[in-house]
Amino acid sequence: MIHGITTIFKEEGFTSHDVVAKMRGICGQKKIGHTGTLDPMATGVLPVCLGNATKLCDMLADRDKEYVAELLLGVETDTQDITGKVQAEHPVDAGQEDVRQAAASFVGEYQQIPPMYSALKVQGKKLYELARAGKEVERRPRPVTIYELEILEYALPVVRFRAVCSKGTYIRTLAADIGAALGCGGTMKSLQRTRVGEFRLEEARTLGEIQKLRDGGQLSAVVRPVDSVFSNCPALHIREDCCRLLDNGNAFDAAQTRERELHAPGRWVRVYRSDERFAGVYAWEPERKRYRPVKMFLEKE
């Protein structure tokens with residue numbers, strides 16, 4: 001079984017689940033998961049976790065994300081992108097400075113109302129299921145954070161922009177909100193995710209490229225090891241006579257490591273067996289004077 005993370009370039013028309021299904025066929029294993037849904041019309045970075053790296057899916061989904069999108073001003077659709085039904089059209093007389101100021105007003109934390117065409121659940125029903133049935137329900141605003149928002153190109157009625165945002169941000173809703181702030185409405189024309197945490201567009205490979213690498217016996221060249229995700233955490237190596245503690249997912253004290261070092265309370269450390277196999281992430285508990293497991297990744301032999 002392959003263990004690690006590979007960065008897929010999701011092509012237009014594929015769902016994130018489609019990518020996982022294709023990867024299962026390519027890799028010949030079921031234990032595969034993705035780290036955050038991309039709409040079928042969107043393209044770009046989709047980190048895919050293989051084997052024991054599937055334990056990282058939720059952790060990687062929390063990373064900040066970067067997108068490049070096109071906003072079509074003067075048009076409002078029910079899905080907030082151009083795949084939906086046009087609900088209204090308005091003249092666009094906003095100048096470049098107007099657009100820049102409207103976009104800048106969303107930088108920082110703002111309360112975003114999730115779109116009806118989304119997988120969020122209300123009273124046990126997915127919003128898009130209700131939307132397709134012609135129903136619209138009240139959605140509570142959720143706090144999201146826009147860390148950066150840069151206008152890349154202004155060519156009315158289309159505005160191309162780059163956004164860096166927190167988990168849970170809907171870029172098509174951001175596009176619609178910018179259009180609303182300008183008084184002419186707007187809908188998302190295109191979307192590409194260019195980064196998820198440290199996973200970038202430059203390293204992304206299409207499913208076709210992954211297939212060729214697999215056929216050539218070179219798939220491992222584009223699979224990051226699990227511990228690379230925690231490269232900013234200090235490393236500890238357990239003593240050979242104490243490896244059974246890691247094998248069973250147990251806590252241990254500093255004296256049971258080769259380094260015999262203590263780290264800041266709560267700070268995560270990477271822990272390895274004496275044979276250099278990555279076991280998992282631990283955190284120091286000063287009150288109990290031990291390292292407790294946070295997440296285990298040890299592969300069973």
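In which sense do strand 14 and strand 15 pair, and over how many bridges? They pair in the parallel sense, over three bridges. Two strands count as paired if DSSP finds at least two bridges between them. Strands here are DSSP runs of E with at least two residues, helices are runs of H or I with at least four, and both are numbered from the N terminus.

This is a predicted model, in which local features need pLDDT of at least 70, side-chain atom pairs count only at pLDDT 80 or more, and totals for chains, interfaces and linings use all residues. Residues are numbered from 1 along each chain as its sequence is written, and side-chain values use heavy atoms, with hydrogens and water left out.

Four strands form it, in the order 14-15-16-17. The sheet is open and its pairing is mixed. Strand 14 (235-237) and strand 17 (290-296) are the edge strands, each pairing on one side only. On average, neighbouring strands are turned by 40° against each other, direction ignored. That angle comes from axes fitted as lines to C-alpha atoms, for helices over the stretch in contact; angles run from 0 to 180 degrees between N-to-C directions.

Now go strand by strand. His237 has Tyr272 of strand 15 as its bridge partner. Strand 15 then pairs with strand 16 in the antiparallel sense, over five bridges. There, Val269 stands opposite Tyr282 of strand 16. The hairpin of these two strands has five residues between them, and Glu276 takes a positive phi near 75°. Strand 16 (residues 278-285) and strand 17 are antiparallel too, with six bridges. Trp284 has its bridge partner, Tyr291, in strand 17.

Why is strand 15 described as largely enclosed by the rest of the structure? Strand 15 (residues 268-272) is enclosed because four of its five residues are buried. Buried means under 20% relative accessible area, exposed means over 50%, and partly exposed lies in between (1.4 Å probe, protein chains only).

Turn to strand 1 (residues 4-10), which holds Thr6. Thr6 is buried, at a relative accessible area of 2%. Its side chain reaches the backbone oxygen of Val222 at 2.8 Å. Beyond its neighbours within four places in sequence, Thr6 is in contact (heavy atoms within 4.5 Å) with residues including Met23, Leu46 and Ile210.

The arc is that of the directions from the helix axis to the C-beta atoms. Gly217 follows helix 6, with a positive phi near 70°.

Helix 3 (residues 96-104) can be read in the same manner. Its buried residues are Val99, Ala102 and Ala103. They cover an arc of only 95° around the axis, which puts them on the same side of helix 3. They pack against strand 4 (65-73), strand 10 (142-155), strand 11 (158-165) and helix 5 (171-181).

Strand 11 also holds Arg162. Is Arg162 buried or exposed? At 17% relative accessibility, Arg162 counts as buried. Its side chain makes a polar contact with that of Glu66, at 2.9 Å. Another, of 2.7 Å, joins it to the side chain of Glu148. A polar contact is a pair of N or O atoms within 3.5 Å; within protein, one must be able to donate a hydrogen and the other to accept it, and residues adjacent in sequence count only if both atoms are side-chain atoms.

Last, the cysteines. The structure holds zero disulfides (pairs of cysteine sulfur atoms within 2.5 Å). For Cys27, the nearest cysteine sulfur is that of Cys49, 12 Å away. For Cys57, the nearest is also that of Cys49, at 4.0 Å. Cys27 is buried at 14% relative accessibility, and Cys57 is buried at 12%. Cys49 and Cys57 are also among the contacts of Gly33. Gly33 lies in strand 2 (residues 32-34) and is buried at 11%. Gly33 and Thr54 are 21 residues apart in sequence, yet 5.7 Å apart in space, C-alpha to C-alpha.
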